[in-house]
Each structure stands twice: as structure tokens, then as C-alpha cells.
Amino acid sequence: QSLYEEKIFKFYNSSLNREKEDIMDSVQKERNNYISILSEVARGQGFEVKHSILGFSFTPLKEGTVMSEREYEELEAEHKNDIIGRASALKVQAEVVIDKLKALEEEALERARQVFKNYLDKEFSDYKADFEKVFLNDAEAVNYLMYLCDYIESNVIENYSFIYEDDELKISEAIYRFAVNVLVDNKSKAHSEAIFLQDPTISNLLGNIEYENQNGVYRTDVTLIKAGALLEANEGALIIRLADLLSNT
């Protein structure tokens, strides 16, 4: 997970991947070209055009400078209608430009996502090969680790949009969706132990799921599952006094 976070951040923010940088440069140049053409057309019609994430807006000009609201209100009705008519025609042209920009960006994103996929395949091919060596006799473990890698990669690639800050939350959710919770680890113990349980409640015997309070909302996850005495004893003995068991029944 740490490696995925590191490698993905590097892909977004490093200029070392020439193919990705070329795609971004070409998109920016094409976008600027479309906007420049529309701006020239708009100025020829007596408007200044402004571009934002919401689209294009047109402001009428008076003698080459932006017309104020007061100046517009002082115009005669016929002149206002003329401005409205020309603005409507420009909006139609702007919609065409917006459609072209969307198609351009979608095509560029598809190319960039393929570059991203190739990058992740290359960066993690050795690690995936190591899985098969380390878990040579455990196909289930290998399959699960491969599933984890495929899930992370497919999600971050699908949500890729050039800008790390825009994608950061989805990247984090994809990478850290998985967690490991070791319920019992007896490998450091030389021999089996006997566990004496004086309070044999269901939760003490079987374990329980704990909760955390976050902003007034109780939540839990796999790391909050706790083992009971039956699991902790493992191959050892679990000793419960009959009187204690009856008192909790």
C-alpha cells in the first residue's frame, strides 16, 4: 500500500514520464487554440469572452473596453436586443467549442490512462513475481494479493484526471480499502498455554467487535475485531470453572 501511494504520487507529480507530459502539453495547446479562435470571433462581434470550469461567458464591449452594467442599462431597447441576438449566436458557437474540448479531453484521458496502466505494470511486475516466490505453496494467498493489486490499479486508473489534488481522496480510498488484523499470534511462544477464564461471557469466549466514536457517529472496521479465549488458546487448554460458567449462563 505504501509503495502504491508512493508510485502513484510520483506518476502524477513527476515530469519524468515523457509520454504523459506530451499528452498533457498537446491537450493544453489544443484547448488554448480553441479558446483563442472563439475569443477572436467574439471580439469581432463586440464581446469579450471569459472561460471557466462552468463554460464561457460573453461581456459586450464599448469602443474596445468592457461595457459596465450602467452603460448597458442606458442603451436603447433596439441596441440591447441587437447585443442579445449576437450573444445568442456566440453561445451556439461556444457550445460547439465546449463539445470539441470535452471530446479532446476524453480522448487524452484514455491515452493517459493507458500510459498510467503501463507505468504501474512496469513498476509492480517484480513485486508480483515475488508474491509467487514467497507464497509458493499457498495459491490462495497469491490470488488474494493479485486481487488486491488489480483492485487498486483498476480504480486509480479509472479515476485518473491529470490533477492529483482532484483524485487524492479516491486514490486513498482505493489503496487503503484493505487492512490486516492479526487476531492471534502465538509464534513467539515456545509451547501451548493454558488460559484460565474466570468470566466466561460470550464476548470473552468468542471475541467481539469494538466501535470508535467519530464526530458523534460510531463506526467499526476489520481492525477492531478482537479475539476471544477460544482463539487465543489455539492448541492450548481453556480452563473454565463450572461455577463461573453457570453464573454467566
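Guide: With a definition: a salt bridge is a side-chain nitrogen of Lys or Arg within 4 Å of a carboxyl oxygen of Asp or Glu. The model is predicted, so local features need pLDDT of at least 70 and side-chain atom pairs pLDDT 80 or more, while totals for chains, interfaces and linings use all residues. Numbering runs from 1 along each chain as its sequence is written, and side-chain values use heavy atoms, without hydrogens or water.

Visitor: OK. How many salt bridges are in the whole structure?

Guide: The search of the whole structure gives 14.

Visitor: Pick one. What does Lys80 pair with?

Guide: Lys80 forms a salt bridge with Glu73, at 3.6 Å from N to O.

Visitor: Is Lys80 buried or exposed?

Guide: Lys80 is buried, because its relative accessible area is 19%; buried means under 20%, exposed over 50%, and partly exposed in between (1.4 Å probe, protein chains only).

Visitor: Where do Lys117 and Asp121 sit?

Guide: Both are in helix H4, 4 residues apart, which is about one turn of the helix. Helices (H or I, at least four residues) and strands (E, at least two) are DSSP runs, numbered from the N terminus.

Visitor: Why is Lys117 called partly exposed?

Guide: Because the relative accessibility of Lys117 is 37%. Asp121 gets that label too, with a relative accessible area of 30%.

Visitor: Which residues are linked with Asp22 in a network?

Guide: Arg18 and Asp25 are joined to Asp22 in a network of salt bridges.

Visitor: Where is Phe162 placed, then?

Guide: Phe162 is in the loop between helix H5 (139–158) and helix H6 (164–175). With a relative accessible area of 17%, Phe162 counts as buried.

Visitor: And Asn215, what phi does that have?

Guide: Asn215 is not a glycine either, and its phi is positive, about 55°. Asn215 lies in the loop between strand S6 (212–214) and S7.

Visitor: Buried or exposed, Asn215?

Guide: Asn215 counts as exposed, because its relative accessibility is 84%.

Visitor: What about Tyr218, which strand is that in?

Guide: Tyr218 is in strand S7, which covers residues 217–219. It counts as exposed, at 59% relative accessibility.

Visitor: Last one, Ala42. Which helix?

Guide: Ala42 belongs to helix H2. The relative accessible area of Ala42 is 0%, so Ala42 is buried.

Visitor: How far is Ala42 from Ser57?

Guide: In sequence, Ala42 and Ser57 are 15 residues apart; in space, they are 10 Å apart, C-alpha to C-alpha.
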